[in-house]
Amino acid sequence: MKFTIYCFPPKKNSYSRMERLGKSLKTNVIIMKSRVTRYAVYGVLIAITAMVVATLLNCYLEFREVSLTTILNVQKKNTALWILDCMPFIFAFWGQYVSSIMAYEASTLVIDQTNELRNQTVALEYQAMHDATHDHLTDLPNRILLRDRLEQAIHAALREKQQLALFILDLDHFKEVNDTLGHYSGDLLLKHVAMRLKGIVRGSDTLSRLGGDEFAILLPIIKESNDVFIVLKKIQNAFLSPFVIESLKIEVQASIGVAIYPDHGRDFDTIMQRADVAMYAAKQNQQSYTVFSSDLDKHSPHRLTLTGELRHAIENDALLVYYQPKIDIGTNTVTGVEALVRWQHPQHGFMSPDEFIPLAERTGLIKPLSLWVMKRAIEQTVQWHAANLKLGIAINLSPSTLLDPELPDFISGFLAANNLPAHYITFEITEGSIIKDPDRALEILTRLDELGIRISIDDFGTGYSSLAYLKKMPASEVKIDKSFVLDMLVDENDRAIVQATIDLAHNLGMKVVAEGVEGKETAQRLKELGCDVLQGYYFSRPLAPKNLLEWHNTHTKA
Ligand code: C2E
Ligand code: CA
Ligand code: CA
C-alpha cells in the first residue's frame, strides 16, 4: 500500500521552529520572573517603611524624642523591631524564590499546552487530509486518492513490466431508487454496495467511490488476463442477492467497464476515460461488463478527444445558439424563444446537445458552457429588444449549473451589464435538478425569483416528480415533455398525462407550455385542453438568430 498522500515527513524547518519555541519560552520565563520580582521589591519597600515607622514611633513613645541615640537605644532593646528589621531580607529572598518557582511552573504549563495543541493540530491535519481523500458517505477513497494510487501503480507496473486493471462500475437504474425511495434509502444502498465490494477486493487493491452511483476498483498488478475475469465474476456475484433497504428487497445490477494498462492507456486520464467508455458500452448494450477495445471508440462518440475540443470551442466562441419560438395560444403571438446550444464540429459535423451536454456535465465543462450560452442568449435578446422585438428568452440550466451558488450573482451581473429587465429571462430546470438537492435548489431558485427571473419546470413528467417540491418551488411555468406531446393524438395514456399536467399546473397557479408540437391537430387539441403556450416544429424548428428574425416577420404577417 502506498502512503504518499497520508504521510507527513518532518518538515525541514520544524527543528528551527522548535528552537524558536524554546527561545520564546525563555523570554516568557524572564518576563514572568521580572513581574514577580517587581512585587517582591514592593514587599521590601513596605517592610522597610514598616521598620522605619515602627522604630520612629517607638523612639517617640519611649523617649519623647527622635535622635540617632534614641533610635539606637530602641533598636537594641526592642526585640520585636529585630523581626521587622529582618522583613525586607525575607521579602527579597521570598520574592526571588517564588518568582523562580512560578516562572518554571508556568513555563512547564505552557510547554504542556503547546504539546497538547500540537497533537490536536496533527490530528486535525490527519482528519482534514482523510476528508479530502475519502468519500464522506462510504469512507472509501475518492477520485483524488484513486488518481494517486493509480499513478503510483502505473510507475510500479512500468518498472516491473506488469499490467494493471481499472474497473469502473455504475449501478443500473440507481436514479429510480433514489427518486422513488428517497435520498436516505439511496445513500443506504450505496453504503451496502460499498460494503459488498469491500468484501471482494484484496488489501492491495483500491476500491473507490467516484461520485453518485459510480465506483472504481484498481488492481495494481494483474499477472494474466484471467485475473480480470475472476474479479468480474466476484463483482457479479456480489450483486446476485438483493439488497435489503429498510425491509425492502431491491435487485440492483451494475454495468462494468474495464481498461488495462498498458494496452488501453498509459496515464491516469486515458485509463479512466477508456474504462468509462467501456462501462458506457456495457450499459448501452445491456451487458454486465465490457473490456475496452479500440473499436468502442467509434461508437462512444469520440469522447477521448472531444472534451478538449469542447473546451476549445467554448473558449473560442465556436458554439452557436439557436432559438425556437414559443407561441402564446391566447394571443397567437411569439412571446419568447428557447435558447438551444449547437456545435458544428470541424470533423464530426453537426452535433446534438444530447451528445455533448452530458459530456460537459461529466467533465466540469458545463459551467463555462452554461455561462457562455447565457451571455450569448442575453446579448441576442438585447439586440432584438433594440430592434423593438420584445422577446423573452428561455435558457436551459443543467442540474449542476442550477445548484451552483454563484449562479444568481453571475446572472444579475449579466443583466446589469446588458441593462435587460430580469423578467425577460426564464430558466428551464428539470425536476431531477431539484430532487438532487431540494434545499439548495429552493434557496437558489428563491434568490433567482427575488431577482425577478422566471422559473420553468422542464421535461415535466419524465422524472419522478414530487408534488411536495413542485408546490414549494417558486416556478411560474411547467413544460410538458415532447415525449407525451408527440403521440398524444394516438396514445390515450399520453393524452391523459398531458391533461393531468395542465390541470395540476393551473391549480398551482402556473402556466403550461407544451413542447414537441409537430402538427396542427396536436396544436388544436392542446388548445382545447387549456394549454397556454406551444412550441414545436409545427411552428418552427430552432433557428439561427438571422433566420428567426425572418421567420418572425412572416409569422406576424400571416
Ligand atoms: P429540451 O430542453 O427538452 O429541448 C427541447 C428539445 O426538443 C430540443 O432539442 C428541440 O430542438 C427539440 N424539439 C423542439 N420542437 C420539437 C418537435 O416538434 N419535435 C421534436 N421531435 N423535437 C422538438 P435539442 O435542441 O436537440 O436539445 C436537446 C436537449 O439538450 C434539450 O432538451 C436540453 O435538455 C439540452 N440543451 C440544449 N441546449 C442546452 C443548453 O444551452 N444548456 C443545457 N444545459 N442544456 C441544453
Ligand atoms: Ca428546455
Ligand atoms: Ca424536453
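User: What makes the residues around L310 its contacts?

Analyst: In this predicted model, a contact requires heavy atoms within 4.5 Å. Leaving aside residues up to four places away in sequence, L310 touches L319, W343, F356, L359, A360, L365 and L369.

User: Which core has L310 among the residues with the most contacts inside it?

Analyst: L310 and F427 have the most contacts inside the largest nonpolar core, which has 78 residues. Helix α12, residues 366–386, gives the most to this core, with nine residues. Another core, of 34 residues, lies apart from it and includes A165, I217, F239 and I250.

User: How do you know that E515 is buried while D459 is called partly exposed?

Analyst: Buried means under 20% relative accessible area, and partly exposed lies between that and the 50% limit for exposed. E515 has 9%, so E515 counts as buried. D459 has 25%, and therefore D459 is partly exposed.

User: Which residues are the protein donors of the calcium ion (ligand 2), and how far from it do they lie?

Analyst: E338 (OE), N396 (OD1), E428 (OE) and D458 (OD) lie 2.1 to 2.3 Å from the calcium ion (ligand 2), therefore they pass the 3.2 Å cut-off for calcium. The donor residues are spaced E-x57-N-x31-E-x29-D in sequence. Because E338 lies in strand β9 (residues 333–345) and E428 in strand β12 (residues 425–430), this pair ties together parts 90 residues apart in sequence. Both E338 and E428 are buried. The calcium ion (ligand 2) and the calcium ion (ligand 3) are 5.3 Å apart.

User: Why can V66 belong to a nonpolar surface patch?

Analyst: Patch residues need over 30% relative accessible area. V66 has 46%, so V66 passes that threshold and is called partly exposed. V66 is found in the loop between α1 (14–63) and α2 (68–77). Together with I48, V52, L56, L57, Y60 and L61, V66 makes a patch of about 620 Å².

Technical notes:
Residues are numbered from 1 along each chain as its sequence is written. Chains are lettered from A and ligands numbered from 1 in the order in which they are written. This is a predicted model: local features need pLDDT of at least 70, side-chain atom pairs count only at pLDDT 80 or more; totals for chains, interfaces and linings use all residues. Side-chain values use heavy atoms; hydrogens and water are left out. Patches are made of residues with over 30% relative accessible area and no salt bridge: like charges are joined within 9 Å, nonpolar side chains (Val, Leu, Ile, Met, Phe, Trp, Tyr) within 5 Å. Accessible areas come from the Shrake-Rupley method with a 1.4 Å probe; for residues, only the protein chains shown count as cover. A salt bridge is a side-chain nitrogen of Lys or Arg within 4 Å of a carboxyl oxygen of Asp or Glu. Helices (H or I, at least four residues) and strands (E, at least two) are DSSP runs, numbered from the N terminus. Buried means under 20% relative accessible area, exposed over 50%, partly exposed in between (1.4 Å probe, protein chains only). A nonpolar core is a set of buried Ala, Val, Leu, Ile, Met, Phe, Trp, Tyr and Cys residues joined through side-chain atoms within 4.5 Å. Donors are N, O and S atoms within 2.8 Å of the metal (3.2 Å for Na, K and Ca); water is not among the atoms, so sites may look incomplete.
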